[in-house]
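Have the viewer open and follow along.

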Amino acid sequence: MVVLDIGGTKIAVARWVKGALRDRKQIVMPAGEGEWRSAIQSIAEAFPDAGRLGVAVTGSTDGHTIKAINQNVISYWNGYPLAPFLQELWGCPVFLLNDAQAAAWGEFVASGRRPKNLLFITLSTGVGGGLVLNGGLFMGHLGLAGHVGHVSSSVKALDGDSLCGCGRLNCLETVASGAALSRQATHITGANMDAAAVFAGFHAGDPTCLRIISTAALAVAHQIADAHATLGLEEVRIGGSVGLAAGMIETIVAAQKSLPLLFQVPVRRAALQADAGLIGVGHWVDQMETSL
Ligand SMILES: [Zn+2]
């Protein structure tokens, strides 16, 4: 099998052989549709004879088409016929899965002890998530289940109400994503700051950066508490460049202490990091075939 991970910033590809990645390659996600199609065609030529193609992809999918949840991410993905396009290139069956759901399944399999109910949250440029319930990946209608990035946050961003790229107001993504950290810091200080600069300030003890990170962490802690109240979570795994930045998980765990004990779910670091989508979709296609 060949596995692909198509995100807002990169395309990763590898062969999936006996539960492991081989020949992993990565390119920057091209901006326009024409360049993107050419890039995928080149990948298909470099990774022929797939047999099956497992695709972890950002956005909402019905297994055939793809729609960006945040329309600022990939503007031409609004019902784009992704599976037929890939099927024609590779000439084999194509399986599409939302990338955060793929990562959730990868983390579940990698965890070894396999908690029955697990929520995976990726805090990155955006915020995504996936759910494993009763030991199975819960995809929901159009692959949207577990997408906590677009659940309203009771903890507001420090620069006031914020319209999310999905069209809703004050989603978790507007408070705790890398883009949100950068936006708040830039608004408050007047200087152009990216998420890395906010974390640098956080570690240096800068009061504004401390407030921004602790607000983001509190928003995540409340989102976990809400998900736990609805679903009864056993464990939460946090990944993504912001989630895995030094001090972030510790700040989330500290924020959980302000909540009643009943809502303090164990939070752990994601194990698979940048390969979570590729590994997750590989395991997912494997287990689908064995369950048929
Ligand atoms: Zn949103």
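Predicted model: local features only at pLDDT ≥ 70, side-chain atom pairs only at ≥ 80, totals over all residues.

## A pair of residues to start from

Leucine 131 sits opposite phenylalanine 138 of β11. The strand β10, residues 127-133, is joined to β11 by 3 bridges, and the two run antiparallel.

## The sheet around it

Zooming out, β10 and β11 belong to an open sheet of 5 strands. Reading across, the order is β11-β10-β9-β12-β13, and the pairing is mixed.

Which strands stand at the edges? They are β11 (136-138) and β13 (267-269); each has a single partner strand, so one side of each is left without a neighbour in the sheet. On average, neighbouring strands here are turned by 30 degrees against each other, ignoring direction.

## A helix across the sheet

Now look for helix α3, residues 99-110. Helix α3 lies across β9 (118-123), β10, β11 and β12 (235-239), and runs at about 50 degrees to β10.

## Two helices packed together

Next come helix α5 (residues 178-189) and helix α7 (residues 207-231), which pack at an angle of about 145 degrees with their axes 10 Å apart. The crossing of α5 and α7 is right-handed.

Which residues make the contact? From α5 come Leu181, Gln184, Ala185, Ile188 and Thr189, while α7 brings Thr208, Cys209, Ile212 and Ala216. Sorted by class, the contact of α5 with α7 has 6 nonpolar and 3 polar residues, and no charged ones.

Notes. Residues numbered from 1 in each chain as written. Pairing = 2+ DSSP bridges. Helix = DSSP H or I, 4+ residues; strand = E, 2+ residues; numbered from the N terminus. Axes fitted to C-alpha atoms, helices over the stretch in contact; angles between N-to-C directions. Contact = placed C-beta atoms within 7 Å. Left-handed = near helix turned anticlockwise from the far one by under 90°. Nonpolar A, V, L, I, M, F, W, Y, C, P; charged D, E, K, R; others polar.
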